[in-house]
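Have the sequence and the 3D view open as you read.

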Amino acid sequence: MIPQADPGAGYRAQKEEIDAAVARALSSGWYILGQEGAAFEREYAQWLGEGQRAVGCANGTDAIALILRGMGIGEGSTVVTVSHTAVATVAAIEMAGATPLLLDIDPDTYCMDPDELAAVLDDPPPGIPPIRAVIAVHIYGHPCDLTPMLAACAKAGVPLIEDCAQAHGARHDGRMIGTIGYAAAYSLYPTKNLGALGDGGVLSTADHELADRIGAIRQYGWRERYISSLVGVNSRLDEVQAAILRAKLPRLDANNARRREIAAHYDAALAGTSLTPPARAEGVEHVFHQYVLRSPERTAIMAALKAQGVGTGIHYPVPVHEQSAYAGRTALGPAACAETSRASQEVFSLPLYPELTEAQIEQVCNALRGL
Ligand SMILES: *Cc1c(COP(=O)(O)O)cnc(C)c1O
């Protein structure tokens, strides 16, 4: 069976370098917020581009919550995002103390509907605190339609934050995702396009003062050891993970290119079937964190693929606003997330990671041709 995700393959592909990096971190005698973490932050910021600063933290959820805290967004604020996302995006808004307002998606790209965003910024739903930020989720590695979103945010005077947990290295009109909004959050969970071998997260911004403030907030609000000048939390990236990430970062662009190459094979195999390859909006460079198809016959198709040895997944089976834990806790936009609910019934994801072998890709393509 070809697994839908295989983080172990990413380790095996770079075993010697990663083992050496781990040994280096272990031998250093310094395990939290040391040289490896600082070097990873520098290298990640450099990879993002001129003027960026990066701050490591414990995971991608914290990266979002830390950005909000650093901006002073918490209780008494509404933060707009989508329901079609990892529940983490919404959990982070609540961790910061803010109220989530969930919008619907464009059914082709699965990203936030910019028209609904403009509508709620112009005329917010009644009874919610003032909207203080928008979080754009570049879901599956496909950049959001940022141009109209940024225009709507600018008009309303509300900053746009990017959730890049699935989109490290994607581009929008040639610009690196994560450098377009005010700040960006990235998960480094093992299956992500840049994955640690444990938990990890990083955030970026060109506002160096915000980066400094968050750098303190992530460790008890310390700017100076044992002196809390800000109210903080504990959300640190450890040295072993930072060393592993430094070994993996130089391969990220090539790995994303490989993901696109595999996606093109799947596209070709789908010609002549009833399934439509994932959309790519004009001017975007998709990084295929997931290769997502949709069909009302999802259950039967997934079973047929399984019979051919092809594992699949569903991202995500239950939208956030339909999760029992979030019932009554989130506000919805005027579209009431109708496309989101429909998508959650139909989407499924194929295996897609850079380490898939030619034989595995061919096996997936053969199974697709038979659908
Ligand atoms: C994975 C993910 C997160 C959360 O990251 P963790 O590292 O698991 O906390 C947030 N948003 C999206 C869209 C994700 O896919």
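Let's start with a charged contact: the side chains of arginine 251 and glutamate 17 meet in a salt bridge, 3.3 Å from N to O (a salt bridge is a side-chain nitrogen of Lys or Arg within 4 Å of a carboxyl oxygen of Asp or Glu). Arginine 251 sits in the loop between helix 9 (239–248) and helix 10 (252–270), and glutamate 17 in helix 2 (residues 15–28), so this pair ties together parts that are 234 residues apart in sequence. Helices (H or I, at least four residues) and strands (E, at least two) are DSSP runs, numbered from the N terminus.

A word on ground rules: this is a predicted model, so local features need pLDDT of at least 70 and side-chain atom pairs count only at pLDDT 80 or more, while totals for chains, interfaces and linings use all residues. Residues are numbered from 1 along each chain as its sequence is written, and side-chain values use heavy atoms, with hydrogens and water left out.

**Salt bridges**

- Searching the whole structure turns up 18 salt bridges.
- Back to the opening pair: arginine 251 counts as partly exposed at 33% relative accessibility, and glutamate 17 is partly exposed too, at 39% (buried means under 20% relative accessible area, exposed over 50%, partly exposed in between, with a 1.4 Å probe and protein chains only).
- Arginine 24 forms a salt bridge with glutamate 36, and their closest N and O atoms are 2.7 Å apart. That pair links distant parts of the chain, with arginine 24 in helix 2 and glutamate 36 in helix 3, 12 residues apart.
- Arginine 24 is partly exposed at 42% relative accessible area, whereas glutamate 36 is buried at 8%.
- A network of salt bridges links Arg24, Glu36, Glu43 and Arg246.
- Glutamate 285 pairs up with arginine 260 in another salt bridge, the closest N and O atoms being 3.3 Å apart. Here glutamate 285 is in strand 12 and arginine 260 in helix 10, 25 residues apart.

- Three strands form an open sheet in the order 7-6-12, with antiparallel pairing (two strands pair if DSSP finds at least two bridges between them).
- Strand 7 (175–176) and strand 12 (284–285) are the edge strands, each pairing on one side only.
- Strand 6 (residues 171–172) is joined to strand 12 by two bridges. Glutamate 285 turns up again here, as the strand 12 bridge partner of arginine 171.

**Aromatic pairs**

- The whole structure holds eight aromatic pairs (rings of Phe, Tyr and Trp, the last by its six-membered ring, pair if their centres lie within 6.5 Å; planes under 30 degrees apart count as stacked, over 60 as edge-to-face and the rest as tilted).
- Tyrosine 44 and tyrosine 186 have ring centres 5.1 Å apart and planes at 80 degrees, so they are edge-to-face. With tyrosine 44 in helix 3 (residues 35–48) and tyrosine 186 in strand 8 (residues 183–187), the pair ties together parts that are 142 residues apart in sequence.
- Tyrosine 110 is buried at 7% relative accessible area, and tyrosine 140 is buried at 4%.

**The annotated lysine**

- UniProt lists Lys192, in an unreviewed entry, for "modified residue: N6-(pyridoxal phosphate)lysine"; UniProt positions are given in the numbering used here, feature names are shortened, and annotations may be inferred rather than shown by experiment.
- Lysine 192 lies in the loop between strand 8 and strand 9 (201–205) and counts as buried at 16% relative accessibility.
- Leaving aside neighbours within four places in sequence, lysine 192 is in contact with Ala165, His168, Ser187, Arg259 and His289 (contact means heavy atoms within 4.5 Å).

- The peptide bond from histidine 315 to tyrosine 316 is cis, with omega near 10 degrees.
- Tyrosine 140 has a positive phi, near 65 degrees, in a residue other than glycine.
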